[in-house]
Amino acid sequence: MNKTKLQITANEVRKGIITGVHAAKAGHPGGSLSAADIFTYLYFEEMNIDPKDPKKADRDRFVLSKGHTAPGLYSTLAQRGYFPVEDLKTLRHLGSYLQGHPDMKHIPGVDMSSGSLGQGISAAVGMALSAKLSNDSYRVYTLLGDGEIQEGQVWEAAMFAGFRKLDNLVVIVDNNGLQIDGPVDQVCSPYPIVDKFKAFNFHVIDLKDGNDMDQIAAAFAEAKATKGMPTAIIAHTVKGKGVSFMENQVGWHGKAPNDEEYAIAMADLEKVGEALCQK
């Protein structure tokens, strides 16, 4: 997939996020939108996966450690063909398989149930260790929030991963600067994030624009070429990316748009899509 097609796909992922959260009248649009480009690159370019065989043994694994951004993962999985895009409208509805947090027992393409912050990276580390012990070639990717890395369990997992030299593990931190209670550096600053992961024996990539496909591609290529240690990609992103009134607004961490806001958001994304199709 070329850059423009990836950008168009990421824009469709964003539409799915807004559609799902609006239909649910609940959910987390801000962090889902900030990570949409990373989700898209992972599932359409980076990972060895097959929507027709979601449990194939040699597939790459992905763990959404910041599980509350499930709308972003679900929209990506739908675009990739794991289930119908139309099902995004059932998000959080009674009886729907698309629950508020990822559920590996019921959602095709979900490798690990998650939601309790800090725990997803531990599961990913376990998967990466399992691959090493079994001499399997699959790689493991996990996406964390910058507020999430305030959790102590994150650093226990990082210490273990660095010590065991799990070079088949890629930890991505969605560093959009905002968490539910405000700016991360005012709630409980995790900075300097780069230095912290280096101290735990990670190869660290400081991704200046985590919403830019070229920079994302270069970061994952560098991670794949890194041997003898796990990689952490610190991706600087924009919370609410793509929706004018949501960008860099902490209030949109966990709030659904009303009908009027939904119409504005979708119009914003339609304009982006039209511009991309002109390229």
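The buried residues of helix α9 are covered by elements that include α1 (3-24), α3 (36-46), β2, β3 (169-175), β6 (203-207) and β7, where buried means under 20% relative accessible area, exposed means over 50%, and partly exposed lies in between, for a 1.4 Å probe and protein chains only. This is a predicted model, in which local features need pLDDT of at least 70 and side-chain atom pairs count only at pLDDT 80 or more, while totals for chains, interfaces and linings use all residues. Residues are numbered from 1 along each chain as its sequence is written, and side-chain values use heavy atoms, with hydrogens and water left out. Helices (H or I, at least four residues) and strands (E, at least two) are DSSP runs, numbered from the N terminus.

The buried residues of α9 are Met213, Ile216, Ala219, Phe220 and Ala223. They cover an arc of only 125° around the axis, and therefore lie on the same side of α9; the arc is that of the directions from the helix axis to the C-beta atoms. An α-helix has 3.6 residues a turn, so residues three or four places apart point the same way. The length of α9 can be checked as well, because its 13 residues, at 1.5 Å a residue, should span 18 Å, and its end C-alpha atoms are 18 Å apart, which agrees; the expected span is 1.5 Å times one less than the number of residues. Ala221, which also has its place in α9 (residues 213-225), counts as partly exposed because its relative accessibility is 48%. At the start of α9, a side-chain oxygen of Asp212 reaches to within 3.2 Å of the backbone nitrogen of Asp214.

Strand β7 (residues 231-236) holds Thr231, which counts as buried because its relative accessibility is 1%. Leaving aside neighbours within four places in sequence, Thr231 is in contact (heavy atoms within 4.5 Å) with Leu169, Val170, Val171, Phe202, His203, Ile205, Ala223 and Thr226.

Turning to strand β1 (residues 61-64), Arg61 and Val63 point one way and Phe62 and Leu64 the other way, and all are buried. In a regular strand the side chains alternate between the two faces of the sheet. Strand β1 runs parallel to β2 (residues 140-145), to which four bridges join it; two strands pair if DSSP finds at least two bridges between them. Phe62 stands opposite Tyr141 in β2.

Phe62 also belongs to the largest nonpolar core, which has 52 residues, and is one of those that touch the most other members, together with Leu42, Tyr43, Phe83, Ile172 and Phe220. A nonpolar core is a set of buried Ala, Val, Leu, Ile, Met, Phe, Trp, Tyr and Cys residues joined through side-chain atoms within 4.5 Å. A second, separate core of 28 residues includes Tyr138, Val140, Ile193 and Val194.

Some features of the backbone remain. Most residues other than glycine have a negative phi, and most peptide bonds are trans. The peptide bond from Tyr191 to Pro192 is cis, with omega near 0°, and Pro192 is found in the loop between α7 (184-187) and α8 (193-199). In the loop between α5 (119-134) and β2, Asn135 has a positive phi near 60°, and this residue is exposed, with a relative accessible area of 72%. Asn201, in the loop between α8 and β6, has a positive phi near 65° and is partly exposed, with a relative accessible area of 44%.

Notes: Polar contact = N/O pair within 3.5 Å; in protein donor to acceptor, adjacent residues only side chain to side chain.
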